[in-house]
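Me: I am new to this structure and would like to learn how to read it, one feature at a time. Could you begin with the idea behind a salt bridge and then move on to the helices?

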Amino acid sequence: RLKEASKEARSITKKIIPYVLLWVAVWAVIHGFVPTGFFERYVTKANPFAVPIAVLVGIPMYANATSVIPIVQALIAKWIPLWTWLAFMMAVVGLSLPEFLILKKVMKMKLLLTFFAVVGLCMIVLGYFFNAVL
């Protein structure tokens, strides 16, 4: 069993590593090279697509709740509205593409897609709601 578990862990890691490296590189570029005013111009409370875009951008990423904090800090420094980046953070932690690949092994596709759709929609609704209230 230990041998099988080790083999499965290596297999999952090989599938996830490219996503991790890609998104670390993307966010390093955003943190280092994107001017502060860029996000302030496009990702505002006035833009009705800011929250869904934040959730959709967060889904392909892979990070746990602790490792997403530096990414969110970079977004805060770029003046992204509070609940927009929180919706992004929830999407990164709760709906990642690598998580999808892992859950696909134990869930049927219809259930998995329903799960992602419902949770994603809830994140978007919460982002809109709290951006309107606060």
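Reply: A salt bridge is a side-chain nitrogen of Lys or Arg within 4 Å of a carboxyl oxygen of Asp or Glu. Please keep in mind throughout that this is a predicted model.

Me: How many salt bridges does that rule give here, and which side chains meet?

Reply: The rule gives a count of one salt bridge, in which the side chains of Lys 105 and Glu 8 meet at 2.8 Å, N to O. Lys 105 sits in the loop between helix H6 (97–103) and H7, while Glu 8 belongs to helix H1, so the pair ties together parts that are 97 residues apart in sequence.

Me: What does the protein chain look like as a whole?

Reply: Its secondary structure comes to seven helices and zero strands, which gives the pattern α-α-α-α-α-α-α when the chain is read along the sequence. The C-alpha atoms fill a box of roughly 55 × 35 × 20 Å, taken along the principal axes. Of the 134 residues in the protein chain, 32% are buried. Among contacts between residues at least 6 apart in sequence, 81% join residues at least 24 apart.

Me: How should I read the packing of two helices, and what is the case for H3 and H5?

Reply: Two packed helices are described by the angle between their axes and the distance between the axes. The axes of helix H3 (residues 50–58) and helix H5 (residues 82–94) come within 7 Å and cross at roughly 25°. That angle makes H3 roughly parallel to H5, and H3 passes H5 in a right-handed crossing. On the H3 side the contact is made by Ala 50, Val 51, Ala 54, Val 55, Val 57 and Gly 58, and on the H5 side by Thr 84, Ala 87, Phe 88, Ala 91 and Val 92. Sorted by class, the residues of this contact of H3 with H5 are nine nonpolar, two polar and no charged.

Me: Thr 84 is in that list, so what else does Thr 84 touch, and is it buried or exposed?

Reply: Thr 84, which is found in helix H5, counts as buried because its relative accessibility is 1%. Leaving aside residues up to four places away in sequence, Thr 84 touches Val 43, Ala 50, Val 51, Ala 54 and Asn 131.

Me: Which residues join H5 to H7, and how are these two helices arranged?

Reply: H5 and helix H7 (residues 109–133) pack at an angle of about 160°, with their axes 8 Å apart. They are therefore roughly antiparallel to each other, and H5 passes H7 in a right-handed crossing. From H5, the residues Trp 83, Thr 84, Ala 87, Met 90, Ala 91 and Gly 94 meet Met 123, Leu 126, Gly 127, Phe 130 and Asn 131 from H7. This contact of H5 with H7 divides into seven nonpolar, four polar and no charged residues.

Me: Where does Phe 129 lie, and how far is it from Trp 83?

Reply: Phe 129 lies in helix H7 and is partly exposed, with a relative accessible area of 47%. Although Phe 129 and Trp 83 are 46 residues apart in sequence, they are 8.6 Å apart in space, C-alpha to C-alpha.

Me: What can be said of H4 and H5?

Reply: The axes of helix H4 (residues 69–77) and H5 come within 10 Å and cross at roughly 160°, so H4 and H5 are roughly antiparallel to each other. H4 passes H5 in a right-handed crossing. Ile 69, Ile 71, Val 72, Leu 75 and Ile 76 in H4 meet Trp 85, Phe 88 and Met 89 in H5, and by class this contact has eight nonpolar, no polar and no charged residues.

Me: To finish, is Gly 32 buried or exposed, and where does it lie?

Reply: Gly 32 lies in helix H1 (residues 2–33) and counts as exposed, at 53% relative accessibility. The C-alpha atoms of Gly 32 and Ala 74 are separated by 9.1 Å, with the two residues 42 apart along the chain.

Methods: Residues numbered from 1 in each chain as written. Predicted model: local features only at pLDDT ≥ 70, side-chain atom pairs only at ≥ 80, totals over all residues. Heavy atoms only, no water. Axes fitted to C-alpha atoms, helices over the stretch in contact; angles between N-to-C directions. Helix = DSSP H or I, 4+ residues; strand = E, 2+ residues; numbered from the N terminus. Parallel < 35°, antiparallel > 145°, perpendicular 65-115°, else oblique. Left-handed = near helix turned anticlockwise from the far one by under 90°. Contact = heavy atoms within 4.5 Å. Nonpolar A, V, L, I, M, F, W, Y, C, P; charged D, E, K, R; others polar. Buried < 20%, exposed > 50% of the residue type's maximum accessible area, 1.4 Å probe, protein only.
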